[in-house]
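This report sets out selected features of a structural model. The sequence and structure are shown first.

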Amino acid sequence: MSQKGKPLTRRDFLRGTLGATIGASVLGTKFMTAGGSAASKSLVTIVRDQSAMDSSNNVNANILKTMLDQTLIKFTGKNTANDAWLSLVKPEDTVGLVPTPHLNPTHQEVEDAVKSSLIDAGIPEGKILNAQGRSANPGACTALIGLPALKAHWLTGIGTVLKLYILYSGMPRNYHDENNAKLGEIWNLPSVRGKTRLVLVDALHPLCDKGPQPDPRYKWAYNGLIAGTDPVAVETVCLRIIMEKRKLMRGEPWPLSPPPLCVEAADKDYGLGTSNWNNIKVENYGWDEELLLG
Amino acid sequence: MTESKPILPKTAGFWTRPDSPKSVNAQNIFDYMDGAGELYVGYRFDHLEYYEYKAKSQEDILVEIYFMKTSDDAFGLLSLDWGGEPVDLSQSSQNNAKNVSTDMPRALYGEGLLRLWSDNIYARVMAYQETPESKQAVLALGHSISKDRRNPPRPDLLKNLPDSFEPNWELRRERASYFRSHLVLNSIYYLGQENMLDLDHTSEALTAPYQRKDSSGDKTRIQFLLVKHSNNERARSALAHFHRAYLPEHPLQTKPGYSGKMVNIFPIEDGWIGYKLQNNTIAFIFECPDHETARIIIDQI
């Protein structure tokens, strides 16, 4: 993301010549809220249960399953989790699960719960693949389920949804720092484009500082699952949660740096979804303390 | 002593390490830690050795020892986050939280993670599950890493970081960071996409905010940035690059052959920016509330 070939600077954010979503993360200004209509809103659900993890942060698999079922039912409007899955994927699909591998990796329990739930819905086990990693082949999948873990990232600002497919590029370093704006192009690769049927964010134990390596002081028990089919809307909600947590933790402005250029670029340059808060409908269920939605 | 490798105990509490560490260099660091490697190669990184201590029915303890080419580089890594509980690893591991200076300590502990600077080593010792036993083991391992090693002073550049600027600006010392890479600068204080100050391994820089020290509750801050290049010519060239990238409406005007001090102050969108170039060093201040403040501070640099 640059303006007519001129590299971006802090001043571009200050002038407001870039979108408000990024400005909000860098400068602590307000998220973009202009426009939007009820008919065109992207739905993002947040399901939380205070007991999803114990005091040692071990995941309770039974509670997680209930949260997953509720997520699927609430998001799709279907009566059962099986019906919900079958509105998203078909039994003949080859389904690739794409968890976060590094920094704050997706809980294995989340991957297991999703796989088990898909099998219950009638997707053959042999047609459910782990599609993460340098050697993964998204071209072999007809459907992808994104399972990122909620985290900030020191080279891309936020490293949750849009960064999830970075290894598909074969050149992850090309998308760091200022080039994080280009992350959206990976979602438009022929082997990836249009295949993402659901983004289910593991927000059980997020990381609100950028690393680059995990620091447990910046993790907290949010005990949530965040879901949507619009990856940019889901990322925008994740960004707001991260920003609110940082503000709460330090009691003073704590901007994300570098700015997560990828979020608005995914909207404006790559057409992957909306980063406009007014075009996002957030529905939350369950535990509602410190939702961190501003 | 400084070149020696730390000797880590075979066991620490319940945990036991393998016989030898795994080693990572600048060529394969990205295989080990993905994009996090950019941080270490942004400093003068030599290599990393790591051990995974394991124990039955306990989460692992990961020990990462980063061998940097200078003590300054190891300090820089610790300086990126002064949060946590300061610990004194020169004392016995039972006693290490007592009477520790909170002013840029050499080791910090928080929720299972110990980070330390010991001469040319920066180390991270992390218990994946914090318990009283794992904390004791983590601190004991930190003690072993730093034992019998030199404790060189902080980088000389920090001597140029005043505790305060008149009339009433106080250093936020716990936010002061030392680095050599624009990626690291952007992760602390975002200036822009390109390496507009020409930072590299031959340069060094530090940045910190200053806050009003009156009791009015005013949280106005200014950001101080100091960049030192290997020679005067490089510093002058970096300043010209900065002007082109950040202040394009104010082209740098110098008389041919002039090599003296340069001082400028400009209003931009978030207040006043000022700098002083002197020899091979450029000092910047960002977000000054008014011209007078910028002038007074620049005059003190």
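The sections below treat the basis of the model, helix packing, contacts between domains and chains, and backbone geometry.

## Basis of the model

The model is predicted; local features need pLDDT of at least 70, side-chain atom pairs count only at pLDDT 80 or more, and totals for chains, interfaces and linings use all residues. Residues are numbered from 1 along each chain as its sequence is written, and chains are lettered from A and ligands numbered from 1 in the order in which they are written.

## Helices α3 and α4 of chain A

In chain A, helix α3 (residues 61-76) packs against helix α4 (residues 81-88) at an angle of about 55°, the axes being 8 Å apart. Helices (H or I, at least four residues) and strands (E, at least two) are DSSP runs, numbered from the N terminus. Axes are lines fitted to C-alpha atoms, for helices over the stretch in contact, with angles from 0 to 180 degrees between N-to-C directions. The two helices, α3(A) and α4(A), are therefore oblique to each other; angles under 35 degrees count as roughly parallel, over 145 as roughly antiparallel, 65 to 115 as roughly perpendicular and the rest as oblique.

Asp69(A), Leu72(A), Ile73(A) and Thr76(A) of α3(A) meet Ala81(A), Ala84(A), Trp85(A), Ser87(A) and Leu88(A) of α4(A), where contact requires C-beta atoms, placed from the backbone, to lie within 7 Å. By class, this contact of α3(A) with α4(A) has 6 nonpolar, 2 polar and 1 charged residues (Ala, Val, Leu, Ile, Met, Phe, Trp, Tyr, Cys and Pro count as nonpolar, Asp, Glu, Lys and Arg as charged, and the others, Gly among them, as polar).

Helix α8 (residues 261-268) of chain A has 7 of its 8 residues buried, so it is largely enclosed by the rest of the structure. A residue is buried if 20 or more other C-beta atoms lie within 10 Å of its own, exposed if 12 or fewer, and partly exposed in between, with C-beta atoms placed from the backbone. The buried residues of α8(A) include Glu264(A) and Asp267(A).

The axis of helix α7 (residues 231-250) of chain A comes within 10 Å of that of α8(A), crossing at roughly 155°. This makes α7(A) roughly antiparallel to α8(A). Val232(A), Glu235(A), Thr236(A) and Leu239(A) of α7(A) contact Val263(A), Ala266(A) and Asp267(A) of α8(A).

Chain B comprises domain 1 (11-146) and domain 2 (156-300), with bounds from an automatic or database domain assignment. Their centres, taken over C-alpha atoms, are separated by 32 Å. Domain 1 of chain B gives 12 residues to the contact and domain 2 of chain B gives 11 residues.

Between the chains, 30 residues of chain B are in contact with 28 residues of chain A. On the side of chain B that touches chain A, the largest share, 4 residues, comes from α5(B).

## Backbone geometry

Two cis peptide bonds may be noted. One joins Ser257(A) and Pro258(A), with omega about 5°, and Pro258(A) is placed in the loop between α7 and α8 of chain A. Another runs from Glu166(B) to Pro167(B), with omega near 5°.

Asp119(B), a residue other than glycine, has a positive phi near 55°; Asp119(B) is buried, with 21 other C-beta atoms within 10 Å. Asn279(B), likewise not glycine, has a positive phi near 55°, but Asn279(B) is partly exposed, with 14 other C-beta atoms within 10 Å.

Conventions:
Two residues are in contact if their C-beta atoms, placed from the backbone, lie within 7 Å.
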